[in-house]
Amino acid sequence: MKILVTGGSGFIGTNFVEFLLGKGHEFINLDSRPPRKEEHRKFWKECDILDYSRLEKLIKEFSPTHVVHLAAKTGINAKELNEFAANMEGVTSLIKILRNIPTVERVIFTSSLLVCKMGYVPSSDIDYNATTLYGKSKVEGEKIVRDAKDLSFAWTIVRPISVWGPWQEEPYINFFKSVARSWYFHIGNGHYKRSMGYVENMAYQIYCLLLASKEKIERKTFYLGDRDPVDLYLLANEVRSLTKAKNIRHLPLWAVKFVAKIGDILVALGLKGFPLTSFRLNNIRTEYVFNLSPITEISGPLPFDFKTSVQRTVQWMQEVGEI
C-alpha cells in the first residue's frame with residue numbers, strides 16, 4: 001500500500017503515523033501543521049486542505065493507493081458554519097482530486113460522533129441530529145461523500161468515539177491532569193458509562209479497514225472505539241492510582257453546575273483551558289453506549305486493554321511534562 005494521510009499531525013493522525021512506522025508501507029502526511037514528533041517530519045508535506053492547487057499537486061506526485069482523511073477543523077466556540085470550511089470544502093476538493101488519480105483503491109473519510117447530539121444513538125447511518133456547528137459541518141461532509149457518484153475507489157466513513165490517549169487534547173487531557181493534580185471531583189456517586197476509544201486501538205482499527213475485503217467496508221459507516229464502555233469513575237481512579245494522587249472527592253450536582261457556570265463566563269471572556277463548562281458537564285453526565293460489533297468483526301481483539309491504555313497515557317503525559 002501507498003498510504004496518503006491527511007491531518008497526520010493531529011491527535012489521531014500522530015498515533016496513526018506512529019502505527020504505520022513499523023508496517024513497511026510507503027506513506028506521507030499532508031497537514032498545515034508540522035508533526036508533533038520529530039521523527040515524523042520526513043513523512044510530512046505542508047499543505048492546507050483548502051489549498052486546492054497544492055493539495056492536487058502533492059497527491060498527484062505521490063499517487064496513493066489508499067487514503068486516510070483525518071484533516072479537520074475542530075472547536076466549540078465558532079459562530080458561523082463557514083468557519084468549518086475544511087470539513088466541507090476540504091472533502092469536496094479531496095474527492096474531486098482523487099477522481100483523477102487512477103491508483104486510488106480505497107479512501108477512509110473521518111467524520112465525528114457529533115453528527116448526532118450527545119446521548120443520541122442514530123437508527124441508521126443517515127439519521128443525523130447534530131446540535132453544534134462542528135457536528136453540522138461533519139454532517140455536510142458525510143453528505144458530500146454519500147452524494148458523490150461514479151467513484152472508482154471504495155470509500156468508508158468512520159466516526160471516532162470520545163478519543164483519548166497519547167497526544168490527547170481537550171477534554172481528556174484536562175481530565176487526566178485534573179485527576180493527577182488532585183483537582184478532580186466526581187459528580188455525586190454516579191458511575192457514568194460511555195463508549196470511548198483509546199487512540200492506539202483506533203489507529204489499529206483504521207488500519208484494519210484498509211486491509212479488509214472491499215465488500216465488508218464499501219459505502220459503510222463504522223463507529224471506532226473500544227468494545228466495552230468505560231466507567232468514568234473507574235477511569236479516574238485508575239489515573240489517580242498511577243499518579244499517586246489524592247483520593248477522589250465527590251461533590252453534589254448543584255455545586256458542580258455552579259462551577260460550570262463560572263467556567264462559561266471565564267471562557268466567554270477569553271480564558272482557555274478552564275476544566276469545566278456547562279457543555280462539558282453535560283457531556284460528562286450523558287451516558288451513551290454504541291454497538292461496536294461492526295468494527296470489532298473486522299478488527300478482532302484490540303492491541304491494548306483498559307489498564308494498559310491508561311498506563312501508556314499516563315506514561316506519555318509524564319514524558320512530555322503534562323503531569
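These legends go with close-up views of a predicted model.

**View 1. Helix α12 and its buried side.** Helix α12 spans residues 306–319, which makes 14 residues. From first C-alpha to last, α12 reaches 20 Å, close to the 20 Å expected at 1.5 Å a residue. Six names to find here are Ser309, Val310, Thr313, Val314, Trp316 and Met317, which are buried. They cover an arc of only 160 degrees around the axis, so they lie on the same side of α12. What covers them? The cover includes two strands, β7 (163–164) and β10 (197–198). It also includes the helices α5 (172–180), α6 (199–211) and α8 (232–243). After α12 comes Gly321, with a positive phi near 80 degrees.

**View 2. The largest nonpolar core.** This core has 65 residues. Phe16, Phe176, Leu209 and Leu235 touch the most other members. Helix α6 gives the largest share, eight residues. A second, separate core has 26 residues, among them Val67, Val91, Leu98 and Val104.

**View 3. The contacts of Leu235.** Residues up to four places away in sequence are not counted here. Val310 is one of the buried residues of α12.

**View 4. Cys116 in its loop.** Cys116 sits in the loop between β5 (106–110) and α4 (133–147). Is Cys116 buried or exposed? Its relative accessibility is 2%, so Cys116 counts as buried. Leaving out residues up to four places away in sequence, Cys116 touches Pro122, Asp127, Tyr128, Asn129 and Ala130. Gly270 is 154 residues from Cys116 in sequence. In space, the two are 27 Å apart, C-alpha to C-alpha.

View 5. Look at the bond from Glu170 to Pro171. This peptide bond is cis, and its omega is near 5 degrees. Pro171 belongs to the loop between β7 and α5.

**View 6. Positive phi at Ser162 and Arg219.** Neither residue is a glycine. Ser162 has a positive phi of about 35 degrees. Ser162 lies in the loop between β6 (154–160) and β7. With a relative accessible area of 12%, Ser162 is buried. For Arg219, phi is positive too, near 60 degrees. Arg219 lies in the loop between α7 (214–217) and β11 (220–224). Its relative accessible area is 45%, so Arg219 is partly exposed.

How values were computed: Residues numbered from 1 in each chain as written. Predicted model: local features only at pLDDT ≥ 70, side-chain atom pairs only at ≥ 80, totals over all residues. Heavy atoms only, no water. Helix = DSSP H or I, 4+ residues; strand = E, 2+ residues; numbered from the N terminus. Expected span 1.5 Å × (residues − 1). Buried < 20%, exposed > 50% of the residue type's maximum accessible area, 1.4 Å probe, protein only. Arc of directions from axis to C-beta. Contact = heavy atoms within 4.5 Å. Core = buried A, V, L, I, M, F, W, Y, C linked by side-chain atoms within 4.5 Å.
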